[in-house]
Amino acid sequence: MPKFPFSEATPIQYPGPPPKSSDVVIIGGGVIGVTTALFLARRNISVTMVEKGRIAAEQSSRNWGWIRKQGRDADELPIVIEASRHWRQLAEECGEDIGLQQTGVTYLASTDDKMAGFEKFMKVAAAHKIDTRLLNARETADLIKGMSRSFKGAMTTPSDMRAEPWVAVPALARLAARKGVKIVENCAARTLEISAGRVSGVWTEAGYIETSSVLLAGGAWSSLFLRRHGVSIPQLSVRSTAAATEPLPEIHAGAAAGEHIAFRRRQDGGYTLAPGGSHLLYLGPDAFRHATKYLPALMADPFGSRYSPAAPAGYPDGWSTPRQWTPESQSPFERMRVLDPAPERSRVRSIERNFRRLFPQIESVRLKASWAGMIDAMPDVVPVVDRVQAIIGLVVATGMSGHGFGIGPGIGRVVSDLIQGNEIGHDLSRFRLSRFSDGSAIRPGPAL
Ligand SMILES: Cc1cc2nc3c(=O)[nH]c(=O)nc-3n(C[C@H](O)[C@H](O)[C@H](O)COP(=O)(O)OP(=O)(O)OC[C@H]3O[C@@H](n4cnc5c(N)ncnc54)[C@H](O)[C@@H]3O)c2cc1C
């Protein structure tokens, strides 16, 4: 098991060179790229996946590992229900222990307002026949024993799952490679070659790949790549800090979140912890460009973000990050192989403090790691999954807005059919690219 978090120092598992041509080229080796590749490979389509750094080194290994239906946007729910089936099957098929367990997800409520929000979701849950239920204060205390304080109640979904992201996504990539997907790490896609409005190839730092079909699954980098090709999406990224404890006695087998702390049992017996509350947004040119689109989300959750005047150099929305480059010149993608933000020290301290406060009976809580990730967010907190009308042959699946791990294999299946022109089986209109330009009102889904 390589050292976590993954970085540029992580050994390359999939060296190049890329092939000269491929039916489909996938840009980005996170959970979305990897699972799409798997579904395409099942249809014997030749797939090349280029990853500028290492497989899963950005969000897809750094997340909390929650696979939840609970609290989802109503239009995402059918896809995440499908994803849960795929997770089980892929866990079997890959033949590795990815830590997949059905141990439930629970949200804790301190106020009546919060409970009222949960009640709204109960209607969505009932419409989709999922096992979400509300708990009163006593039932909440019975579900998660030993909490030092009482809660008004909770919302819980016993069928929700967890997995170990930094194990799972690389394991799925190995499965994809066994099925014939050509994966190339340390290989940034610089630009698309477009002829008469159609994709005809991808220029990578390691050469040209002829193709008529490209998926952009670049996470926090997608908007920068698209902008270079004249396509604007209002995607921003926010820094989110997490930590892992040394093994502890089991206090709860599943995942749970209150306003000050989120925790999830890990396969190694520890807990992955994260602070409740806000994320840190670096203000760059895109943040100003798209500010008005974020107003509805800001009004719905005014304390959801804190701000910092500038991103570190080389970040997707950095002030000095180049917006233009040629196929021959170094692109911002290869300049930053792995987006590896430092965890916020104050957040790590509050994580530890709040977890101890909630479970004072645990004698010693020792953190063995802390890290951060840049979450790629959209103004309405749901992704873009669509064909780009202006560039025939280009599909985009990005902006998973902090909940793309759990839904990943569902999106992967959907996108593989979108690429093939097959029936999708779900209504994707909520995720269309044009929603930000066709005069539609921004309708924020549940907050991150
Ligand atoms: C701290 C944290 C906690 C989270 N918790 C959860 C959770 O519990 N449950 C959940 O469902 N989701 C969670 N998420 C969100 C989830 O991790 C993401 O939504 C998901 O991993 C996004 O996957 P992706 O494949 O779209 O993007 P990424 O995993 O970011 O992958 C994109 C990849 O594209 C590569 N790339 C970009 N541009 C190029 C280029 N030009 N050429 C080549 N490669 C390129 C990048 O290097 C990167 O590896 C969390 C995220 C964070 C950061």
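Trainee: What makes Asp286 count as buried or exposed?

Mentor: Asp286 has a relative accessible area of 4%, and buried means under 20%, exposed over 50%, partly exposed in between, with a 1.4 Å probe and protein chains only. So Asp286 is buried. Keep in mind that this is a predicted model, where local features need pLDDT of at least 70, side-chain atom pairs count only at pLDDT 80 or more, and totals for chains, interfaces and linings use all residues. Residues are numbered from 1 along each chain as its sequence is written, and side-chain values use heavy atoms, leaving out hydrogens and water.

Trainee: Why is the contact of Asp286 with Arg289 called a salt bridge?

Mentor: The closest N and O atoms are 2.2 Å apart, and the rule asks for a side-chain nitrogen of Lys or Arg within 4 Å of a carboxyl oxygen of Asp or Glu. Arg289 itself is partly exposed, at 38% relative accessibility.

Trainee: How do you know that Phe263 and Phe359 are edge-to-face?

Mentor: Their ring centres are 5.4 Å apart and their planes sit at 90°. Rings of Phe, Tyr and Trp (its six-membered ring) pair if their centres lie within 6.5 Å; planes under 30 degrees apart count as stacked, over 60 as edge-to-face and the rest as tilted. So edge-to-face it is. Both ends are buried, Phe263 at 0% relative accessibility and Phe359 at 0% too.

Trainee: How many aromatic pairs does that rule give?

Mentor: The count comes to 17.
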